[in-house]
Amino acid sequence: MPLALGASSLLLLGSASIHTLSLQGRLRVAAHQQRAVGADQLRSAAQAFVAASQGPQACLLPLPSVAWEAARSACPEADPHLLKSGVVDGEPWRLIRWQPAASRGTLLLALDDGRQARVLVRFAGDFKVTALGEPQLLGRSVQEGV
């Protein structure tokens, strides 16, 4: 009888360990998929920013986003609001900051659920975008009213 109890206990403990490892594996896969979906949504938001920055809004790209409202006289045709937010596949996004440099710029974007990413944008001398870097996920911002 004691041998049977010992064997049962050992089997039960082994079964619990295997179950725990399986659960941890599934949680890791789910977290990875969630990060991949978030990165894809933020990549789409960066592409939407680039699309919106064509035409009259291209005049704003040499300036940091904090200076766009003051640049109305220099860029009378441009509408900064078209670059500050949008919706891609039903997911709202907003611009946190645009910071241009010599032949590149840094785009900081957030999704409605607070996920944020930094995206490097490369452009030619006429501020025509030539390449978008992969989003660097920064986590989630604190949501107001939550």
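Figure 1. Q57 is found in the loop between α1 and α2, where helices (H or I, at least four residues) and strands (E, at least two) are DSSP runs numbered from the N terminus. The model is predicted, so that local features need pLDDT of at least 70 and side-chain atom pairs count only at pLDDT 80 or more, while totals for chains, interfaces and linings use all residues. Residues are numbered from 1 along each chain as its sequence is written, and side-chain values use heavy atoms, with hydrogens and water left out. Is Q57 buried or exposed? At 7% relative accessibility, Q57 counts as buried, a word that means under 20% relative accessible area, whereas exposed means over 50% and partly exposed lies in between (1.4 Å probe, protein chains only). When residues up to four places away in sequence are not counted, Q57 touches A52, E77, A78, D79, L82 and L83, a contact being heavy atoms within 4.5 Å.

**Figure 2. The disulfide of C59 and C75.** A disulfide, defined as a pair of cysteine sulfur atoms within 2.5 Å, joins C59 to C75 with an S to S distance of 1.8 Å. C59 and C75 both lie in the loop between α1 (2-52) and α2 (81-84), so the pair ties together parts that are 16 residues apart in sequence. The link of C59 and C75 is left-handed, with -75° about the S-S bond, and by the distance rule the count comes to one disulfide.

Figure 3. C59 counts as partly exposed, with 34% relative accessibility, whereas C75, at 6% relative accessibility, counts as buried.

**Figure 4. The protein chain around these views.** The secondary structure of the protein chain comes to two helices and six strands, which follow the pattern α-α-β-β-β-β-β-β when read along the sequence. The radius of gyration of the protein chain is 24 Å, well over the 15 Å that the globule rule gives for 146 residues, so the chain is more spread out than a compact globule; this radius is taken over C-alpha atoms, and the rule is 2.2 Å times the number of residues to the power 0.38. Taken along the principal axes, the C-alpha atoms of the protein chain fill a box of roughly 90 × 35 × 25 Å. Buried residues make up 27% of the 146 residues in the protein chain, and among contacts between residues at least 6 apart in sequence, 38% join residues at least 24 apart.
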